[in-house]
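Work through the exercises below with the sequence and the structure side by side. Try each task before reading its solution.

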Amino acid sequence: MTRALILAGTGEFIARVNVLPGTQVVSLTRDTIESERFDLIRSLDPQSLPDIIFVGAALPIEKALGIGRMIDETYPLIDLVLVDDVPVEIVVEAMRSGFRDVLPEDMVDERLRDVLRRAELHRQNAEIPAAGASPAPHVQAPEESRTITVISPKGGVGKTSIATNMAIGLAEDYPSEVVLVDLDLQFGDVASTLDLSPVHTIEEALSPAAAADNLIVKTMLTVHPAGFHVLCGAESPAANDEVSGPQIVRLIHQLSTQFRYVIVDTAGGLPEPTLAALEVTDDVVLVSTMDVACVRGVRKAVEMLAQIGLLPASRVLTLNLASNQSGLKVKDIETAVGLPVDIVIARSNDVQLAANHGAPLMLNKKKGGAFVKSIRALINHLENTDASTKRTHKRLDVA
């Protein structure tokens, strides 16, 4: 299997590579690559590097050559191909910058297959250790990666609205470094809320093949135009009936090695997938509304999670759909739950209307008003959380 990364390629070229047998393709747009906060080296998973990187003509030539030098210095075993019609002097400069080939986009299919085959052989030969060679070091997840899980004991409290808008907001600060996971395995609606038509879903991302290869997991993600990735839920409510906790833990760990932020949207209550996610969660967003049943449910959930060791040190109590007509005050909720309310999100019909149209309010800040400010406050709260409060918990057995 040849793993290819295409940078700033045309849709036609991406499709040509993608249809070749035995090829897995990940592509990044020019806008993503030229974003001020984008870091190509950091976005590559050292445990699952591409065999070949194609750099398209859409990038300015100096940018393309700079990428070549950077990749050649950091990962010299990756084959680099510049896909562009350039004069001879640029070809020479490209070779000096680490590119193995400079080829036109309309190269014949046989030439394209040869390039891919050579890259795979290059990698296979590199995997054969020399006598006496030391084993490759184990690569840990980046320290700055954070997993944020949004939970509530009740459904219909706005978890998905909070998770999707939070992903959009974080992607503004960290383009291509945010992934949103729909962990409501039966009735998740992240895809419809974001107006996405995924080719792959979480069902495939939990397969044995994906579990063994981080690049396969990345190909299961759907890219949102706002600059983040989404692992969408399966179409069938029964598709993930046999999913186990260890599978969820492994999936989230795989994503955390590739993204700065992993946001997990969950089903109502505390089913096994949610508990598994909490085992590897750094920050939990507890969502409550201003009704007595939900407040009591949150209190019970907090007590239970604390008892079994799954309540992260960093927890954000978020009061959603807030209204002064509920008969409750914020201090009443704080007393009942035993935690301070960190974020208050006022009730707004525009939130549901925007979700119904597949365009969350964070995409329309003028219309979003107070809701957008609340989501931004939630993001700031999480970003300002001291690193010492990150994950130190582990699930305990209760007699």
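A residue counts as buried under 20% relative accessible area, as exposed over 50%, and as partly exposed in between (1.4 Å probe, protein chains only). This is a predicted model, in which local features need pLDDT of at least 70 and side-chain atom pairs count only at pLDDT 80 or more, while totals for chains, interfaces and linings use all residues. Residues are numbered from 1 along each chain as its sequence is written, and side-chain values use heavy atoms, with hydrogens and water left out.

**Exercise 1. The chain as a whole**

Task: Describe the chain by its secondary structure, its extent and its surface.

Solution. 

Step 1. The chain has 18 helices and 13 strands. Helices (H or I, at least four residues) and strands (E, at least two) are DSSP runs, numbered from the N terminus.

Step 2. The radius of gyration is 23 Å, close to the 21 Å that the globule rule gives for 399 residues, so the chain is as compact as a globular protein of that length. The radius is taken over C-alpha atoms, and the rule is 2.2 Å times the number of residues to the power 0.38.

Step 3. Along the principal axes, the C-alpha atoms fill a box of roughly 75 × 50 × 40 Å.

Step 4. Of the 399 residues, 51% are buried. The chain exposes about 18300 Å², and carbon and sulfur atoms supply 52% of this area. Accessible areas come from the Shrake-Rupley method with a 1.4 Å probe; for residues, only the protein chains shown count as cover.

Step 5. Take the contacts (heavy atoms within 4.5 Å). Among those between residues at least 6 apart in sequence, 76% join residues at least 24 apart.

**Exercise 2. Positive phi angles**

Task: Is S176 buried or partly exposed? Is L321 buried or partly exposed?

Solution. 

Step 1. S176 is not a glycine, yet its phi is positive, at about 65 degrees. S176 lies in the loop between α7 (159–173) and β7 (178–183).

Step 2. With a relative accessible area of 10%, S176 is buried. Not counting residues up to four places away in sequence, S176 touches T32, F38, G227, H229 and F259.

Step 3. L321 also has a positive phi, of about 55 degrees, although it is not a glycine. L321 is in strand β12 (residues 314–322).

Step 4. L321 has a relative accessible area of 26%, which makes it partly exposed.

**Exercise 3. Partly exposed residues and their surroundings**

Solution. 

Step 1. V344 lies in strand β13 (residues 343–346) and is partly exposed at 40% relative accessible area. Leaving aside neighbours within four places in sequence, V344 is in contact with L319, A322, V330 and S374. The C-alpha atoms of V344 and S161 are 183 residues apart along the chain and separated by 14 Å.

Step 2. L328 sits in the loop between β12 and α15 (330–337), with a relative accessible area of 23%, and is partly exposed. Not counting residues up to four places away in sequence, L328 touches M290, D291 and V292. The C-alpha atoms of L328 and D291, 37 residues apart along the chain, are separated by 7.7 Å.

Step 3. P271 is in the loop between β10 (261–266) and α13 (272–279). Its relative accessible area is 29%, so P271 is partly exposed. The C-alpha atoms of P271 and D51, 220 residues apart along the chain, are separated by 39 Å.
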